[in-house]
Amino acid sequence: MKYSQLLIPTLKETPKDAEVVSHQLMVRAGMIRKVAAGLYSYLPLGLRVIRKFEAIVREEMNQSGAQEVFLPSVIPGELWQESGRWDHYGKELLRIKDRHGNEFCYGPTHEEVITDLVRQTIRSYRELPVNLYQIQTKFRDEIRPRFGLMRGREFTMKDAYSFHTSWESLDTTYDAMRDTYNAIFNRCGLKFKMVQADSGAIGGNFSAEFMVLAQTGEDAIICCASCGYAANVEAAELVGPEHPKSQVIPVAEAIETPGKKSVAQVSEFLNILPSGVLKTMVYQADGQTVLVVLPGDREVNEIKLKKVLKCETVGLVDPAEVAKKLPGNHPGYIGPVGIITVPIILDRSVLNNTPYVVGGNAVGIHLQNTVVGRDFSAQTVADVVNAAAGDQCSHCDTGVYEIHRGIETGHIFKLGTKYSEAMSCTYTAEDGTPQPMVMGCYGIGIGRTVAAAIEQNHDNAGIVWPSALAPFQVSIIVTNGTDPGFIEVGNQLYSQLSGKFDVLLDDRTESAGIKFKDNDLIGIPYQIIIGKKWAEDQKVEIKTRKTKHIELLSLDQVTDYLAALT
C-alpha cells in the first residue's frame, strides 16, 4: 500500500477525552474515531490490526477443532427470559422493541442463542461433543464507557460455546481451549498470565482469565513466584491464620476518640497499626442489612461476600442511610459489640485471643481490648477480603503473593448445565433417556486485546507493535518525496518486498521529520529509510522500531535481512 493513497489522519495533540495510552495513541495514529460514548469507527489502519488479530484467532480456533458460526446480534427477549437472565442482567442489557411490540435485546453475549440453536439441531450423544464459535459485535450499555476500546459499549468478541455429554468431556475441551488461548496470545507476542477468576454474570462453576500484563492494567493479579499460582484479586484464595494461644486480655473499655472516624485517624490517634483496628462495614445484601467486620488494613471483596451470603446483589449502605438501618449508630463509630439486630460476617483473618479496637456505637467513642468470642460473636466467619502482597500462597508452603497489573483479554468458563437445564437443551443418552448437555464458554475481546497490546508496547514516540499485529510489517520511507532517484529506489524496494512482507510505501511529499514521526507513532516494526546514506553510499537504513537499532544494507541484502527478523 502507498501512504499517499491511505486514509491515515494522524494527530500531533493528545485528545482531551482519551485517558489511557491505547486510546490516545489509536486516535493520534488515525486508527479510530469516536462516534458517541463507547462507540467507535475503525479507520483503515485500525481495521487492519483488528483483521490480523481475528485471523490469528480464527486459525487457532479452527486448528483446535472448533467450528465457526455467525449468530444474530439482536436476540428475542423470550430466550433471555427462558434462561432467567432477562431480569437479573442489569441495565447493561440494551432492551429494545420491534414495530410489533416484541421485546428484544442487543446481545452482550450469546449463551441463550447458541443453546437454542443446539437444542434444535443436536439430538443424540453420538453428535457430541461440539464446539461452535463466532467473531461478532456485542453491546453492553456501560454506565461509564471509557478508555477507548478497553471499555466501550459496542465491541467485537470471539465467543465459543461447547456442548458435552459429561464433565469429563468438558474438561478435555476446556483444556484444549486453554492451550489454544495460550497459542493465540503467544503468537501475538504478548506477555500474559492465565489466572483463576470469578465467573460473574455468565455463571458456571470454574473459570480462568487471560491477562495481558501492563502497568496501566485496571485489574490486580495475585501471583506466586514459587509455585506459579495466579488469580484475579477477586478470586485469590487466602490461607486461614494461625490463632495465638489463650492469653490474659483486659476487659474491653470505652475510650474517647473525638472526630476520629477513619481507620487511619484512629490508628494514628492511638498509636497502633491499622491491622489492630477492626472496621465494621454496613452492607445491603438482597435488601437485608448485614455487618462485615474485617481488619483495618484490608478491603472487602464483594465477589467473595456475595458467594458467602448466596445473594444476587450486595452493596455498601449510603452513610446517610446508616441511622435508618442501625438506629442510634453513626458512620465512623459503628462496631460489632452489642449488635444483635443484624447478622455479622467476620473475616477469618481476624485473630482469636487478640485485642482489637472497634467502634463504640456512640459518637466520639471506640472500644479497646475487644476480643472475638468474648465481647462479640459472628453468625458467619469466612474469607471476604482481597488478597494482598505478602500474603502466604494458598497453593504452596513457601511462596508469598506478589501483585501485578493486567488487562483481561480472554475468559474461559465451565458453565455446566446452567443454561441447558433452564432451556431444556438435552440429548438422548445411550440408555435412551434425555440428559441436559454440559456446557463450556470461551471468550476473547478482539478490540480489547489490540488495545492491551498497545498498553504493553509503546514508548514516548508512539505504538511499538508486535510484528504479528502491526498494520504493516515494513514501511519504506522516502525522505525526499520529490527526488526522482529516491522515488525510483522506493518503488524498486516496494516491488521487491511486496508479496513477501506487508509493506507500506511512504511516498508523501512531506518533510522527512514528519514522516519519521508518523511512522514511529503508527508503530510499524521495521522502517527502511532512503535518505542521506543512499545518496552517499548506495545504502538504505533499516531501523527496528522497538530497539531503535539501525543497520546499513545494500538493496540486495534487504529481503534476507527482514526475513530473518520477521
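Predicted model: local features only at pLDDT ≥ 70, side-chain atom pairs only at ≥ 80, totals over all residues.

Residues are numbered from 1 along each chain as its sequence is written, and side-chain values use heavy atoms, with hydrogens and water left out.

The structure holds 30 salt bridges, a salt bridge being a side-chain nitrogen of Lys or Arg within 4 Å of a carboxyl oxygen of Asp or Glu. One of them joins Arg-187 to Glu-59, with the closest N and O atoms 2.8 Å apart. Because Arg-187 lies in helix α5 (residues 167-187) and Glu-59 in helix α2 (residues 44-64), this pair ties together parts that are 128 residues apart in sequence; helices here are DSSP runs of H or I with at least four residues, strands are runs of E with at least two, and both are numbered from the N terminus. Arg-187 is partly exposed at 36% relative accessibility, and Glu-59 is likewise partly exposed, at 44%, where buried means under 20% relative accessible area, exposed over 50%, and partly exposed in between (1.4 Å probe, protein chains only).

Another salt bridge connects Arg-85 with Glu-112, whose closest N and O atoms are 2.7 Å apart. This pair links distant parts of the chain, since Arg-85 sits in the loop between α3 (77-83) and β5 (94-97) and Glu-112 in helix α4 (residues 111-121), 27 residues apart. Arg-85 counts as buried at 4% relative accessibility, and Glu-112 counts as buried at 0%.

Asp-518 and Arg-508 also meet through their side chains in a salt bridge, at 2.9 Å from N to O, and both residues are buried. Elsewhere, a network of salt bridges links Asp-459, Asp-520, Lys-543, Arg-545 and Lys-548.

Turning to the helices, the axes of α11 (residues 484-497) and α14 (residues 555-565) come within 11 Å and cross at roughly 40 degrees. The two helices are therefore oblique to each other, a word for angles that are not under 35 degrees (roughly parallel), over 145 (roughly antiparallel) or 65 to 115 (roughly perpendicular). In their contact, which means heavy atoms within 4.5 Å, Val-489, Gln-492, Leu-493, Gln-496 and Leu-497 of α11 meet Leu-555, Val-558, Thr-559 and Leu-562 of α14.

Methods: Axes fitted to C-alpha atoms, helices over the stretch in contact; angles between N-to-C directions.
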